[in-house]
Amino acid sequence: MVIATPFAKKTKFYLNCKENYFGGKGIIAFGQRRVELNENSTAVLDWGRGVWPFSQEWFWGNGSAIIEGNHFGFNIGWGFGDLKNASENMFFWNGKAYKLGRLHTEIDTTDYMKPWKFRDEEGKFQFVMTPIYDQVTDTKVAFIQMYCHQLFGSFDGVVMLPDGKKVIINNLLAFCEHAKNRW
């Protein structure tokens with residue numbers, strides 16, 4: 001997924017690319033804890049360049065897995081830049097990308113550990129994320145601040161393919177974050 005996001009001020013922009021399905025093999029060790037990656041392990045590569053406003057806020061979620069023997073993934077995001085003409089909302093199924101419209105969300109920002117609900121305008125993407133862990137970043141030095149709730153959780157829901165087939169997704173470990181930064 002590649003998007004060039006404009007901002008209200010014409011000198012500000014963000015060019016972003018997110019690539020799902022990077023595979024991994026091997027072992028990750030944290031002290032005595034070891035996690036083995038196998039052929040079903042996936043990751044996302046997120047890179048970008050731009051000139052951003054000093055203050056910015058966004059929501060971003062992403063995940064991918066092998067479902068029914070096929071590659072499934074999604075990328076959702078809102079709140080960052082001027083998205084009236086385009087968004088980064090889409091899902092992937094078996095090597096194809098499917099564009100989504102605006103998302104309707106239910107998120108309690110006073111209690112991030114409550115379930116998060118997502119659905120697109122056309123009913124092609126409907127999910128509930130049940131948070132498992134909230135990785136909070138709150139770093140402030142003078143007037144510079146990085147503040148983010150990055151929630152990892154279980155996504156349960158359904159996507160609708162163009163041919164009408166419903167793909168049921170259960171217990172997909174993925175994330176969604178809410179960031180408010182000043183830098």
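User: What makes the space of about 800 Å³ the largest pocket rather than a cavity?

Analyst: About 800 Å³ of space lies in the largest pocket of this predicted model. On a 1 Å grid over the protein atoms alone, a cavity is a set of points where a 1.4 Å probe fits but cannot get out, whereas a pocket is an open set with protein on both sides within 12 Å along at least five of seven lines.

Local features of the predicted model need pLDDT of at least 70, side-chain atom pairs count only at pLDDT 80 or more, and totals for chains, interfaces and linings use all residues. Residues are numbered from 1 along each chain as its sequence is written, and side-chain values use heavy atoms, with hydrogens and water left out.

User: What makes a residue part of the lining of the largest pocket, and which are closest to its centre?

Analyst: A lining residue has an atom within 4 Å of a point. The largest pocket has 25 such residues, and Leu37, Thr42, Ala43, Phe152 and Leu173 are the closest to its centre. Strand 14 gives the most to this lining, with five residues. Strands here are DSSP runs of E, at least two residues long, numbered from the N terminus.

User: Why are strand 9 and strand 10 called edge strands?

Analyst: Two strands pair if DSSP finds at least two bridges between them. Nine strands form an open antiparallel sheet in the order 9-8-7-6-14-13-12-11-10. Strand 9 (96-99) and strand 10 (103-106) each pair on one side only, and they are therefore its edge strands.

User: Why is the set of 27 residues called a nonpolar core?

Analyst: The name applies because a nonpolar core is a set of buried Ala, Val, Leu, Ile, Met, Phe, Trp, Tyr and Cys residues joined through side-chain atoms within 4.5 Å. Buried means under 20% relative accessible area, with a 1.4 Å probe and protein chains only. Among the residues with the most contacts inside the largest core are Phe72, Phe91 and Phe125. The largest share of this core, five residues, comes from strand 14. A second, separate core of eight residues includes Phe7, Trp58, Phe80 and Ala179.

Key. Buried < 20%, exposed > 50% of the residue type's maximum accessible area, 1.4 Å probe, protein only. Helix = DSSP H or I, 4+ residues; strand = E, 2+ residues; numbered from the N terminus. Points joined across faces, edges and corners; volume = space filled by probe spheres on them.
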